Structure formats: structure tokens, C-alpha cells
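Let's walk through this structure together, one step at a time.

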Protein chains: 2
Amino acid sequence: MHRTRVKVVEEALDANNTIARANRADFDQHGVTVINFMSAPGAGKTTLLERIVTDLPGVRVGVLEGDVQGSMDADRLAHLHVPVTQLNTDPGFGGECHLDANMVRSALPEVPLADIDLLMIENVGNLVCPAEFRVGEDRRVMVSSVTEGEDKPLKYPLMFRTCDLVLVNKIDLLPHLDYDLDRFLYHLEQVHPDVDRFLVSARTGEGIEQWRDWLTGVVSAERAFV
Amino acid sequence: MHRTRVKVVEEALDANNTIARANRADFDQHGVTVINFMSAPGAGKTTLLERIVTDLPGVRVGVLEGDVQGSMDADRLAHLHVPVTQLNTDPGFGGECHLDANMVRSALPEVPLADIDLLMIENVGNLVCPAEFRVGEDRRVMVSSVTEGEDKPLKYPLMFRTCDLVLVNKIDLLPHLDYDLDRFLYHLEQVHPDVDRFLVSARTGEGIEQWRDWLTGVVSAERAFV
């Protein structure tokens, strides 16, 4: 039974990857760089987007907002006058806990690919399944809040292992927590040696410049590649 | 395709509920009260367990520890000399993002049901799928950390709607956050009116007495029911 189950999962992931490649072809055709932006619930993804969407020189940003229900984050970002597309995963039960390539594909007609250079896909808040499903992205960025504890890389290794950048957020709270930053970085190194990582505070703005520069660098690299 | 998908999900949940009832029968036979304990990653479930497992008068506690990988939380609890059973959900991919009834069933031979009165099942850190799968529990308790923001009841409504108690944790951090507790409670009320809720700090011990009393009350009520 276990083998059967593994086979079913493999086939589902195969199908997902086929659709992810189709998404990628559409993104490439329009010269749009795509980031799959992931974290646990409440780690600060939306605030980290608010910090950059209108402030990347020469880069027009769009957002695809994944949520189980509601449009609170999309509403926040729409106030900044960037194109935001809401994608809800609720099919009548508890909802899907992640975005997959087909859900993203279904939303693409609503995304103004011709008018943007960078599409930030804010995934559902979850450290497990979003890491399993490629959606056609160029890079994966994850946020780990210091309030979540130092053990998270060891408990959710696929997420930390498959991302290209880790934003360690809410560092303004470090003086008030029993959180050992060195221990977190040691765990991160065990799971994903040398992965890019910045210490940031979406609240105070600390480290945000590095996050902006990293994104600008990725967009430039993708443009050069085309 | 959407209808087919809904049917597949319905059938999977049906099968899950059948196994959950079998688990429940085993728990009842041994007079064990079972709590399905859920939250986002890093909300403080394990620390909240450490605060109570050895300190419930007349109640022998066991723990079933659900994690994608590793046994860090189980190791922490084993130090307190309570029976802990580790259940890993990793099948070779990213791992399952929740416990289901069958996974719990597979672990039951390792759980000393005859020697405990209360089994705390610590679910995988995730606010979506754990809410969809009954495992045979008597009650559901969820933890929402104030660091996650006030909007969580609206974004993950099934989790907040199907639980019997909400522990609002890390309230020692309130002075350092832009978090409006009244707004959170207003959102909670919209999603699950009158649900039991305690403001707690696993770190300082504030509110832990209420959490202990609630558990003791549930065990007494279940004993009376038998």
C-alpha cells in the first residue's frame, strides 16, 4: 500500500511539473521573473511585500496572492496600486494548503504579464506542501520568523532545502525572545549549506535594502539570461 | 474535473472518519481522553505541553508526537518522563502536512493506553489540513500565537471553527508587537462565536492554570460520560 501511495504522489507531482513548465514558458515569453514566496502563517510575507512592491527601481511588480479564503492580503497590497490577483484555494472543505501549478495556471489570464517585470506569488502560509509543488517560478524565497523557534529547518527540511533565499524576519523582537540566532543558523547550514540569508525586520525596515537588492539582482540576471 | 476532485476528497474523508471511529473505540475501551492539539509552526504547542504533562492532579498523560521529520519535540517531552510516541509523516517527499486517522492508528500499538488517562496528540504545525482530518479525538485545542497577527481566524476559518478551545499564546510579547488583541478576538467571534479561549504565555506561565483546569475538567467530564 505504501508503494502504491508513493506512485500516486509521484504521478501527481509529474503532472504538476508539466503544468509548471507551461507556466514558465508563459512567464519567459513575457520576460517576467517569478518568485514563489513561502512561509508559515503570520511570518510576515505580506508586510515584506508591502516593503518592496513600489520601491524596486525600474522593476514593475505584480502580485498573485494565494489564500485559503478571503482577500485581506490582496486588499492591503492593492492599496499600494500594484496589480494584485487573488487566488483562493478553498474548494468547500478546509481548502488546499498550498498553491500548485494548475491553480496558478487558472489565475494567469487575470495577471497582466505584459505590464510587469516581476511576479511575486505569495503562497498559502504553510511550511510543508508548498515546497513540494513547483508553480513555474525562477526562484523560491522563504520567510522564517524568529518567533517560530530555532528548530524549524530540522522540522521542515524540504522547505528550507529547496529555497534560494531565507529571510529571517522579526529580528526587532530578538531582545524579547529566548531565541538563539546562532543555533538557527547552524540548523539552516545543516539543511541547506551556504543558502543566501538576510536578517530583516519588516516592521522597522532593518535589512530591507538587502532584500530589495537581491530581488533587483535576480530580475537583472533573468533579463541577461533571456 | 472540479466535481470529480470534490468526490475524491469526500471519499478520502469518509474513509478517514471510519478509521477515526475505530481509534475512538480503542480510546473509549481504555478510558483515555484524547486531545488533538494543533497550531501553526512555532506557535508553542510543545512548550504548552511541557507546562502541563506532569502537573495534572490524578491524570496520567501520554503524548503522541506528530512531525514531518525528526524527534526534537518528543525528546523534549521524554525528559519529563511521560510516555511519548513519535510519529513521523515523511514518506520520502516533503512529508504529510497533517496527521490522519490511519497514521494515528498505525502508532497505537506503541501507545501505552492502559497506563494513561489523557493522550495529547501534537499534530503537525499547519493551520489548514490538520483541521480536515479527525483522528478519533474527544476535543480539539488550537494555539494561536499573538506574533501571527490578528487576521488568522479569517484566513484559516476551518481550524478556528472546529476547535473546542483556543489558546492565545505568547501574550508576554504583546507590549512589543503591533497586535490588536481586541481585533483578533472580534475575528475569532465572527468565525466561532463563544468558543472557549484563554490568554496564555507558555514562557512566563501566565494563564497556564486555566489551561490545566480546562484539561482536568475535560477528563472528568469524559470519565462521567463513561
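Does R24(B) count as buried, partly exposed or exposed? Keep in mind as you look that this is a predicted model. With a relative accessibility of 30%, R24(B) counts as partly exposed. Its side chain meets that of D28(B) in a salt bridge, at 3.8 Å from N to O. D28(B) is partly exposed too, with a relative accessible area of 40%. Both residues belong to helix α1 of chain B, where they sit four residues apart, about one turn of the helix.

E50(B) pairs with R76(B), and their closest N and O atoms are 3.0 Å apart. This pair links distant parts of the chain, with E50(B) in helix α2 and R76(B) in helix α3 of chain B, 26 residues apart. Now look at R134(B) and E137(B), whose side chains form a salt bridge at 3.6 Å, N to O. Here R134(B) is partly exposed, at 37% relative accessible area, whereas E137(B) is buried, at 3%.

Next, find helix α7 of chain B, residues 181-191. Its buried residues are L181(B), F184(B), H187(B), L188(B) and V191(B). They lie on the same side of α7(B), because they cover an arc of only 125 degrees around the axis. The face turned away from that buried side carries the exposed residues D182(B) and Y186(B). At the start of the helix, a side-chain oxygen of D180(B) comes to within 3.1 Å of the backbone nitrogen of D182(B). And what covers the buried residues? Among the covering elements are β5 and α6 of chain B, but also α3 of chain A.

That brings us to the place where the two chains meet. In this interface, 45 residues of chain A are in contact with 45 residues of chain B. The area buried between them is about 3700 Å², and carbon and sulfur atoms give 60% of this. There are six salt bridges between the chains. In one of them, D67(B) joins K155(A), with the closest N and O atoms 3.4 Å apart. Several elements of chain A give two or more residues to the side that touches chain B, including α3 and α7. The most comes from α1(A), with six residues. Sorted by kind, the residues on this side of chain A are 20 nonpolar, eleven polar and 14 charged.

Key. Residues numbered from 1 in each chain as written. Chains lettered and ligands numbered in written order. Predicted model: local features only at pLDDT ≥ 70, side-chain atom pairs only at ≥ 80, totals over all residues. Heavy atoms only, no water. Contact = heavy atoms within 4.5 Å. Buried area = accessible area lost by both parts, 1.4 Å probe. Salt bridge = Lys/Arg side-chain N within 4 Å of Asp/Glu carboxyl O. Nonpolar A, V, L, I, M, F, W, Y, C, P; charged D, E, K, R; others polar. Buried < 20%, exposed > 50% of the residue type's maximum accessible area, 1.4 Å probe, protein only. Arc of directions from axis to C-beta. Polar contact = N/O pair within 3.5 Å; in protein donor to acceptor, adjacent residues only side chain to side chain.
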